[in-house]
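I opened my notebook to look at a new structure and the ligand that comes with it. Here is what I am starting from.

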Amino acid sequence: MSGCIFCKIASGEVNAEIVYQDDKIVAFKDHAPKAPVHLLVIPRKHIRNLNALDESDTELMAHLMMSLSSIAKEQGLLDGFRAITNTGNGGRQEVYHMHFHILGGGRLPAM
Ligand code: 5GP
Ligand code: ZN
């Protein structure tokens, strides 16, 4: 989607420190990390957030969810990690291209 910063990262138009990518998803480092390791995992397809998913996204979402663990492990998070996705205004979503935060490194504070 034009004007979407994460679409631009997925297409390579905007630079990011990409740690994993395939034909469906891209994982890159958050530019303002809130934990020693802070990654963002996005679908290449522009989807606003969880509330905007439809049946046709089932396979894509399965792939994204199934990839989180291996992406985290590849970045050294062998002792576990936190995956969250902020959804909508109430969820304090800032970028309206769905993304899963992977946070880890050391022991995270309790939620
Ligand atoms: P949200 O509140 O939408 O879940 O979080 C958006 C996240 O994206 C924030 O953690 C923010 O630091 C990160 N972010 C926003 N713009 C960019 C960018 O251009 N590049 C990178 N690498 N991260 C970004
Ligand atoms: Zn987008």
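**Entry: the model.** I note at the outset that this is a predicted model.

**Entry: who surrounds the ligand.** I began with the neighbours of ligand 1 and found 18 residues around it. The closest are Asp30, Glu94, Val95, His99 and His101. I then sorted the shell by class, which gave seven nonpolar, six polar and five charged residues.

**Entry: polar contacts.** Which atoms of ligand 1 lie at 2.7 Å or 3.3 Å from polar atoms of the protein?

- Histidine 101 brings a polar side-chain atom to 2.7 Å from an oxygen atom of ligand 1.
- Glutamate 94 has a polar backbone atom 2.7 Å from an oxygen atom of the ligand.
- Histidine 31 has a polar backbone atom 3.3 Å from a nitrogen atom of the ligand.

**Entry: how covered the ligand is.** After the contacts I checked the surface. Ligand 1 exposes 520 Å² when taken alone, and the protein buries 89% of that.

**Entry: where the ligand sits.** I wanted to know which pocket holds ligand 1. The ligand sits in the largest pocket. Next I looked up the elements that give two or more residues to the shell around ligand 1, and these are α1 (5–11), β2 (25–29) and β3 (37–43). Of the shell, α1 supplies the largest share, with three residues.

Entry: The largest pocket contains about 500 Å³ of space. Its lining is made up of 27 residues, and those nearest the pocket's centre are Asp30, Lys34, His38, Leu40 and His101. Two or more lining residues come from each of α1, β2, β3, β4 (82–84) and β5 (100–104). How many residues does α1 give to the lining of the largest pocket? I counted three from α1, the largest share. By class, I list 13 nonpolar, seven polar and seven charged residues in the lining.

Definitions and conventions:
Residues numbered from 1 in each chain as written. Chains lettered and ligands numbered in written order. Predicted model: local features only at pLDDT ≥ 70, side-chain atom pairs only at ≥ 80, totals over all residues. Heavy atoms only, no water. Near = heavy atom within 4 Å. Polar contact = N/O pair within 3.5 Å; in protein donor to acceptor, adjacent residues only side chain to side chain. Areas by Shrake-Rupley, 256 points an atom, 1.4 Å probe, with all protein chains shown as cover. 1 Å grid on protein atoms, 1.4 Å probe; cavity = no way out; pocket = protein on both sides within 12 Å on 5 of 7 lines; lining within 4 Å. Sits in = over half its atoms within 2 Å of the grid points. Helix = DSSP H or I, 4+ residues; strand = E, 2+ residues; numbered from the N terminus. Nonpolar A, V, L, I, M, F, W, Y, C, P; charged D, E, K, R; others polar. Points joined across faces, edges and corners; volume = space filled by probe spheres on them.
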